[in-house]
Amino acid sequence: MRTKKFLIGGLIVCLAIGYLGFLGFQSSATYYYSVSELTEQGSTIYDENVRVKGQVAPGSVEQGTTGNTLKFIVIEGGTSLPVTYQGVVPDTFGMATEIVIEGQLNSTGTFQAHTLMPKCPSKYVPQQ
Amino acid sequence: MADIGYIALCLALTASVYSAIAYTVGARRRNWPLVTSAKNSLLAVSGLISISIAILAYALVTHNFQLEYVASYSSRDMPLAYLLSALWAGNDGSLLFWAWLLSIFAAIVILQKRNIGQELVPYASSVIAVTLAFFLVLLLFVSTPFHKLSFTPVDGTGLNPLLENPGMILHPPALLVGYVGFTIPFAFAIAALLTKRLGDEWLIMIRRWALLAWLCLGVGLIIGAWWAYVELGWGGYWAWDPVENAGLLPWLVSTAFLHSIMMQRRRGMLKAWNMVLVILTFSLTIFGTFLTRSGVLSSVHTFSESTLGPFFLTFIGVTLFGSLGLLYYRSADLRDEAEMESFISRESTFLLNNLLLIGSTFAIFLGTVFPVISEMVRGVKITVGPPFFNQVNGPIFLALILLAGICTLTGWRRVSIRNLTRHFLWPLLAGLILGIVIFILGVREWYALIGFPICGFVLTTILYEWSRGVKVRHQIRAENYFKAFWCLITTNRPRYGGYIVHIAILLMTIGIVGSSLYDVEQEVTLKPGEMMTIKNYTLTYENLDIYETENRAVVTTTLSVNNHGELVGKLVPEKYFHRSYKQPVTEVAIRTTLREDLYVILLGWDEDNTATFKVLVNPLVSWIWIGGGVFLLGGLIACWPER
């Protein structure tokens with residue numbers, strides 16, 4: 001009998017945690033695409049918050065005059081995506097080849113990023 | 001030289017495999033000479049790995065750039081401390097460091113003098129030897145730090161400038177000591193299961209190991225948060241990044257374990273559960289080691305993608321399912337000796353504490369691996385961000401803290417309502433008054449209105465408990481109050497160390513709640529001489545200066561700071577451009593007080609010296625670091641050997 005009471009109590013706590021998780025999930029679940037997958041989605045994902053993975057196209061980075069606006073192109077699987085970003089540029093951005101960005105694609109085809117997550121190559125490649 | 005390091009690892013692998021087999025066979029057949037030979041060969045393993053890590057350290061210090069590892073993670077201009085820290089800067093080196101720590105711990109386990117549990121040591125050592133063998137296989141065949149280049153570069157790439165911070169010298173080793181330390185409790189748990197010696201014996205033997213590993217892991221996490229705050233320059237200290245989570249998960253499970261062992265020691269309950277927690281903690285430490293190295297999840301921390309993934313997954317699978325299977329096989333011998341007697345009892349608070357900690361662990365785990373799961377199930381990757389983790393864990397952590405207060409003043413078995421009301425009257429009043437005061441002061445956010453009173457309540461329960469103890473000693477032994485307090489703590493260190501850790505958690509909670517609810521930020525572009533205002537601060541941008549040093553160009557800006565109209569000092573946010581690295585390093589300027597941090601980031605500048613800054617005011621952040629110090633103190637008191 002007493003064990004049963006404890007089980008019910010435990011179950012209520014688990015359900016509460018589950019419910020919290022569900023609420024949190026609803027408010028922050030984000031699709032994670034590669035650049036080519038993103039372009040396949042077409043207009044269905046305009047203005048929706050998504051994460052996109054790709055490579056920073058060499059030489060495409062344009063820094064704004066005061067240094068906190070950034071334009072660059074992300075490429076992957078033969079498709080490219082123009083990106084604009086305003087805010088703190090992570091120090092690791094300059095070294096990054098691969099990058100994950102989060103933000104929205106607007107109807108003009110430009111990706112407005114609000115978060116940059118550069119991945120750095122930590123391997124030494126001999127030059128020649 | 002490098003060849004000797006490699007050969008030492010080969011020999012170490014052979015010796016650890018021999019040791020694992022000889023220990024088990026010797027202990028089974030009661031063949032003591034065989035057990036002794038196993039013991040000696042495990043000691044030899046720790047000697048051999050020590051030789052090999054010494055050789056790598058020597059190669060780093062003497063700039064032997066023919067070694068790929070040395071060329072990748074060090075350069076001639078690095079100071080000695082950072083040269084040595086390059087040992088754990090890269091994938092291969094940190095694996096070697098892992099193995100070395102474990103081999104040292106193994107030697108301590110073997111050489112420790114003990115009165116009880118001698119029968120467990122051979123089996124536990126065997127488990128350690130198997131784990132060592134796994135890491136040695138990785139070091140020899142998958143990612144060896146002794147790989148040579150076909151030529152010798154003139155200079156190495158050097159450490160990423162972001163890693164040049166005292167945090168780099170402390171954070172990875174502390175985390176790794178924590179990770180590796182949990183192997184010992186796991187090994188003794190398996191030994192207890194194998195030998196059917198399932199009483200309190202193994203718990204007594206591993207208590208200090210578990211506590212020390214837990215303490216190092218916790219301190220490592222806090223140093224990591226501090227490092228992110230002062231060095232990464234985004235104004236925050238915790239981002240729910242997969243690798244941060246990977247460190248937090250085993251810490252949460254081991255926190256549950258440290259609480260639930262008290263249930264077994266005092267009341268003979270939760271025996272099987274304790275086993276589950278140890279197994280889970282160990283598996284999560286290996287999972288964390290794997291996550292940093294596999295490139296499965298995108299994270300700022302990951303080493304470059306490597307081929308280690310499948311090896312780790314196999315190892316985790318085998319240890320997790322193997323040990324849970326063994327646990328099931330022995331479940332008949334793990335029955336509890338007592339039953340729960342009442343809802344209102346210390347036992348209940350411990351049960352709920354465990355449930356909440358595991359619930360939080362599960363939610364964080366799920367959130368961390370969700371991209372992988374959703375891709376397997378639905379073919380699309382879905383990530384969950386910080387709001388998910390905050391929404392789930394905020395309430396859980398507040399409930400946990402509340403429990404710490406309730407538990408302090410609730411007795412074992414059952415408690416009368418009269419007793420409860422008598423003990424809880426003052427703490428409840430204290431919490432309530434604090435709540436009303438901050439409400440009158442204008443606090444309206446739910447988290448603050450609930451969180452701060454809970455902290456006040458818990459702090460009062462702890463102080464009440466201490467004052468009771470002091471009074472009793474004062475009356476019975478006629479000690480003065482200071483001596484009574486000192487003796488109270490020193491005669492029951494684990495208990496009072498635990499209370500001090502609880503206070504540390506309260507301090508950190510105050511910092512976390514304050515800084516996440518009341519932070520303000522502003523981005524401004526200023527010409528020299530212009531000023532900006534944020535909260536009670538007025539910042540005047542004075543000038544910009546660019547100068548060159550031997551190995552870098554530095555852009556430095558100066559701002560004078562007025563607080564409530566009074567000049568309080570200057571802040572100097574900077575950016576470095578290293579010659580050998582393509583990446584700039586942003587040096588944030590922080591003015592810290594107990595009340596709040598003023599945090600200035602230099603974002604960019606123009607030729608006419610117009611500069612853009614991001615300015616943040618983060619209230620109460622320093623309480624997190626103070627809490628970290630108190631956490632270390634409490635943990636050390638709890639670990640300190642009893643005479």
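**View 1. Helices α15 and α16 of chain B pack against each other at about 150°.** In this predicted model, α15(B) covers residues 417–440 and α16(B) covers residues 446–477. Helices here are DSSP runs of H or I with at least four residues, strands are runs of E with at least two, and both are numbered from the N terminus. The two axes sit 8 Å apart; axes are lines fitted to C-alpha atoms, for helices over the stretch in contact, and angles run from 0 to 180 degrees between N-to-C directions. Look for B:Trp426, B:Leu428 and B:Phe439, which are among the α15(B) residues making the contact, and for B:Phe452, B:Phe457 and B:Tyr464, which are among those from α16(B). Being in contact means that the C-beta atoms of two residues, placed from the backbone, lie within 7 Å. The contact residues split into 15 nonpolar, five polar and no charged. Ala, Val, Leu, Ile, Met, Phe, Trp, Tyr, Cys and Pro count as nonpolar, Asp, Glu, Lys and Arg as charged, and the others, Gly among them, as polar.

**View 2. Helices α1 and α6 of chain B also make a pair.** Here residues 2–28 (α1) meet residues 120–142 (α6) at an angle of about 155°, with axes 8 Å apart. That is why α1(B) and α6(B) are roughly antiparallel to each other (under 35 degrees counts as roughly parallel, over 145 as roughly antiparallel, 65 to 115 as roughly perpendicular and the rest as oblique). On the α1(B) side you'll find B:Leu13 and B:Tyr23 among the contact residues, and on the α6(B) side B:Tyr123 and B:Leu136 are among them. This contact has 18 nonpolar residues, six polar and no charged.

**View 3. Chain A meets chain B.** Here, 35 residues of chain A touch 47 residues of chain B. On the chain A side, α1 (2–28), β1 (29–34) and β7 (111–119) each give two or more residues, and α1(A) gives the most, with 13. That side of chain A holds 17 nonpolar, 13 polar and five charged residues.

View 4. Spot A:Tyr32, which stands opposite B:Lys381.

**Reading the labels.** Residues are numbered from 1 along each chain as its sequence is written, and chains are lettered from A and ligands numbered from 1 in the order in which they are written. Because the model is predicted, local features need pLDDT of at least 70 and side-chain atom pairs count only at pLDDT 80 or more, while totals for chains, interfaces and linings use all residues.

Conventions:
Two strands pair if DSSP finds at least two bridges between them.
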